[in-house]
Amino acid sequence: MNIMKKIFVAIVMMACASSAASAQDDVQKAAQEAAAAFASAPVQKAKPKKPNYWTNSLTTQINVGQTSLTNWAAGGDNTFTLKGYADGNANWKKDKMFWNNRLQLEYGLLYASSKPLFQKSNDRIYLESKWGHRVHEQLYASANFDFKSQFTKGYDYKTPAVPDSFKDAEGNIPKLDELSRKDQKRLWQDARVAKSGFLSPAYTTLALGLDWNPANWVSVSFAPLTGGFTIVTDSQFRKAYGMKFTKDSEALNEKFDGVNPAALSEEDRKAYDNFHASVENGSAYRPALFQLGTQIKIDFKVNVNDNFKYTSQVVLFSDYLNKMSVRFNWDNKFDWKLAKYFALTVTTNMIYDNNVLKEAGKDADGNAIMKKRGLQFAESISFGFTYTIASKSK
């Protein structure tokens, strides 16, 4: 009996061992088949990252200045200045083509105790867009678009006279600085003379030509086909910016040129008076002046080191339609970074435009006599907070 049990146990153990071996063979076979299936499966490649052809940057500055004088024997004004500046660039480049865009916005205010109101010290809108296609090494066929204007009206501030309505009981007229600040402010506002405004003037230019880039810090554009408009939407400024007579006004100007108004009929005298009134208020002039000529533009951008940068632009335009019409602009900007977020900035702007006039007196009929304004120059030194955001193309 014991022998039979031992034989039975031996048979069961052999059966279990055979089953385990078979199961192990099945597992190994399944693993081999899975590995073969995985190896033969197609490999999904990672999608390549799209190239970025844009390089963008934005620089902002806020500058504040202040002067306070108390019982100061040498005299002077208490002053406060505030100026904001933004310079945005968006440049695209691929193969033989590039497209550069730049927008500069600047606005500043000045308050002086001698004039109890805020005056504008800086005001600028300047948009540039340039497209180019390389035709030979450093030479590009290019198209240049520019737009210039300002945000708000600009004024000349003339010292106001104190009117008789301020006489005291004894009939004496007080001095201007003896009046209340409210009355002084009103008199200064009434005496100021507007000289410019938004889109008055505005300059638009489209220049077609060649762009030469001998180095990454300089470019020279020569555009023998350059057209654009000088726009003056506010009629009171049109005469000062060289706008031409409308067709009807030009005919009236020829009709009444050198005529003695006293010898005119009643109807012609009325037309004469209306014409001269329209000349004075500017409605006799067109709101835009078209110019077609040649433009040369030179841009410099030099980074002396990480803390000092100099940019400059020279623009010269000569009009084919009026051989005596020339416009010249030269802008310079020096940025000296004194700390991580603080910088000293020096800017200069030089303008010559013989279409821009200024009043030089009155004629016998009381009409303004205009003459060329000549060379215009502005300079500014400021210190304040600066911050730059930039991205690089990959």
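Me: Does Asp 95 count as buried or exposed?
Reply: The model is a predicted one, and in it Asp 95 has a relative accessibility of 64%. The cut-off for an exposed residue is over 50%. Because 64% lies in that range, Asp 95 counts as exposed.

Me: In which loop does Asp 95 lie, and what is its phi?
Reply: Asp 95 belongs to the loop between strand S2, residues 79-94, and strand S3. Most residues other than glycine have a negative phi. Asp 95 is not glycine, yet its phi is positive, near 55°.

Me: Where is Leu 199 found, and what is its phi?
Reply: Leu 199 sits in the loop between S7 and S8. Its relative accessible area is 24%, and for that reason Leu 199 is called partly exposed. As a residue other than glycine with a positive phi, Leu 199 has a value near 60°.

Me: Is the peptide bond from Ser 200 to Pro 201 cis or trans?
Reply: Pro 201 is in the loop between strand S7 (193-196) and strand S8 (202-215). Most peptide bonds are trans. The bond from Ser 200 to Pro 201 has omega near 5°, and it is cis.

Me: How many helices and strands does the chain have?
Reply: The chain has 394 residues, and 30% of them are buried. Its secondary structure consists of four helices and 16 strands.

Me: How many strands form the closed barrel?
Reply: The order of strands around the barrel is S1-S2-S3-S4-S5-S8-S9-S10-S11-S12-S13-S16, with antiparallel pairing. Neighbouring strands of this sheet are turned by 20° against each other on average, direction ignored. Strands of a sheet pair through backbone hydrogen bonds. The closed barrel is made of 12 strands.

Me: Which residue in S11 stands opposite Lys 301?
Reply: Strand S10 (residues 288-305) runs antiparallel to strand S11 (residues 308-319), and 12 bridges join the two. The residue in S11 that faces Lys 301 is Thr 311.

Me: At about what angle does helix H2 run to S4?
Reply: Helix H2 covers residues 181-191. The helix lies across two strands, S3 (97-112) and S4 (115-136). Its angle to S4 is about 45°.

Me: Which side chain is joined to that of Ser 129 by a polar contact of 2.8 Å?
Reply: Ser 129 has its place in strand S4. Because its relative accessibility is 17%, Ser 129 counts as buried. Among the residues that Ser 129 touches beyond four places in sequence are Trp 99, Asn 101, Asn 144 and Phe 145. The polar contact of 2.8 Å joins the side chain of Ser 129 to that of Asn 101.

Me: How far apart in space are Leu 110 and Gln 66, C-alpha to C-alpha?
Reply: Leu 110 lies in strand S3 and is partly exposed because its relative accessibility is 27%. Beyond its neighbours within four places in sequence, its contacts include Thr 79, Phe 80, Leu 117 and Phe 118. Leu 110 and Gln 66 are separated by 44 residues in sequence, while the C-alpha to C-alpha distance is 9.7 Å.

Notes. Residues are numbered from 1 along each chain as its sequence is written. This is a predicted model: local features need pLDDT of at least 70, side-chain atom pairs count only at pLDDT 80 or more; totals for chains, interfaces and linings use all residues. Side-chain values use heavy atoms; hydrogens and water are left out. Two strands pair if DSSP finds at least two bridges between them. Axes are lines fitted to C-alpha atoms, for helices over the stretch in contact, and angles run from 0 to 180 degrees between N-to-C directions. Contact means heavy atoms within 4.5 Å. Buried means under 20% relative accessible area, exposed over 50%, partly exposed in between (1.4 Å probe, protein chains only). A polar contact is a pair of N or O atoms within 3.5 Å; within protein, one must be able to donate a hydrogen and the other to accept it, and residues adjacent in sequence count only if both atoms are side-chain atoms.
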